[in-house]
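Trainee: Could you walk me through this one slowly? I am new to reading models.

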Amino acid sequence: MGIYLFMVYKVIGDDGVAISEQYPLVVSTWPFKEAVRAAWRAVDGNHSAVDAVVEGCSACEELRCDGTVGPGGSPDENGETTIDALIMNGVTMEVGAVAAMRFVKDGIRAAKLVMQHTKHTLLVGEKASAFAIAMGLPGPDNLSSADSIRKWSTWKENHCQPNFRKDVVPSDSCGPYHAKARIDVKEGGCSTRYLMGVAEPRSSLVGPHNHDTISMAVIDKRGHVAVGTSTNGATYKIPGRVGDGPIAGSSAYAVTDSGACVATGDGDIMMRFLPCYQVVESMRLGMEPRLAAKDAISRIARKFPDFLGAVVAVNKNGVHAGACHGWTFEYSVRSPVTDDVEVFTVLP
């Protein structure tokens, strides 16, 4: 489990605001080094944590990190790529997010526009796209690529298997689907599986290269914290599906007085537990990042022992630690005491 500790000293800037000599700090899920470098250039150049998060996540969208961020990857059942993104200001607690956004490739910038220019938190679907374009982002664009279409075509040829459907017929084709008659229901209408408290096994579709997110936290030179996420969601998802990426408290959360959390993994499971809210709240109550991260993951694993996921906790002093379940996880860090991005490995 990777842990990095900063000794924090502060000086007073020209405007009377305390500035840490050990900040800024950039933390990102996965070895997305170019994204971290982009965020670092912004925050080291005295830009705000919010602006640095935008630059970092935007770089990953442009690079199409792992095929799971930005346009051109993760087709849904119809072969279309859509975008989910979120940004959160840990000083003001403002959040902007977009979900299932079509035709606009700039997810994180669209999320920032929602935060800046609306009194809402989340816009979805084509209306999110229309808003983003009206506010100046390029579009409408085709978010598919030759690779995503090829992947989708191969999946169709394999009778749309595996997929995220359950308790439907037919179970081995591309539909149309109908609900399957339940055979495990006792008198009163409750499934015996639910009565026993047993979770269904998760699909083999969930993995680091087909169900992934960039989730980034930045502490700027004034100690202000922001987080952001961007993803094109789960491969072969049911159209309209929204995962944890644009959900505050699930994929990311920030409170300047406590710290931040970033997460990645099986969003359909993780969003039911709001792990990043849990991590930040645990740190607010005095728990160190390593234990806060481990506790949040353990809460999920007790109910879903085969889920895949990870979190990184960062407290307000710059101490960071990760925890994961079901896979070996890596996260990236750039700080004033390193010459370049460092990658930390976290074992399950």
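Mentor: Let us begin with a definition: two strands pair if DSSP finds at least two bridges between them, and helices (H or I, at least four residues) and strands (E, at least two) are DSSP runs, numbered from the N terminus. This is a predicted model, where local features need pLDDT of at least 70, side-chain atom pairs count only at pLDDT 80 or more, and totals for chains, interfaces and linings use all residues. Residues are numbered from 1 along each chain as its sequence is written, and side-chain values use heavy atoms, with hydrogens and water left out.

Trainee: What order do the strands of the open sheet have?

Mentor: The 8 strands of this open sheet follow the order E7-E6-E5-E11-E10-E4-E16-E17, and their pairing is mixed.

Trainee: And which are the edge strands?

Mentor: Strand E7 (122–124) and strand E17 (342–346) are the edge strands, each pairing on one side only.

Trainee: How does E6 run relative to E7, parallel or antiparallel?

Mentor: Strand E6 (residues 95–101) and E7 run parallel and are joined by 3 bridges, and Ala-99 stands opposite Val-124 in E7.

Trainee: New topic: where is Ser-148, and is it buried or exposed?

Mentor: Ser-148 lies in helix H5 (residues 146–157), and it counts as buried because its relative accessibility is 0%; buried means under 20% relative accessible area, exposed over 50%, partly exposed in between (1.4 Å probe, protein chains only).

Trainee: Which residues is Ser-148 in contact with?

Mentor: Leaving aside neighbours within four places in sequence, Ser-148 is in contact (heavy atoms within 4.5 Å) with Gly-72, Gly-73, Pro-75 and Thr-81.
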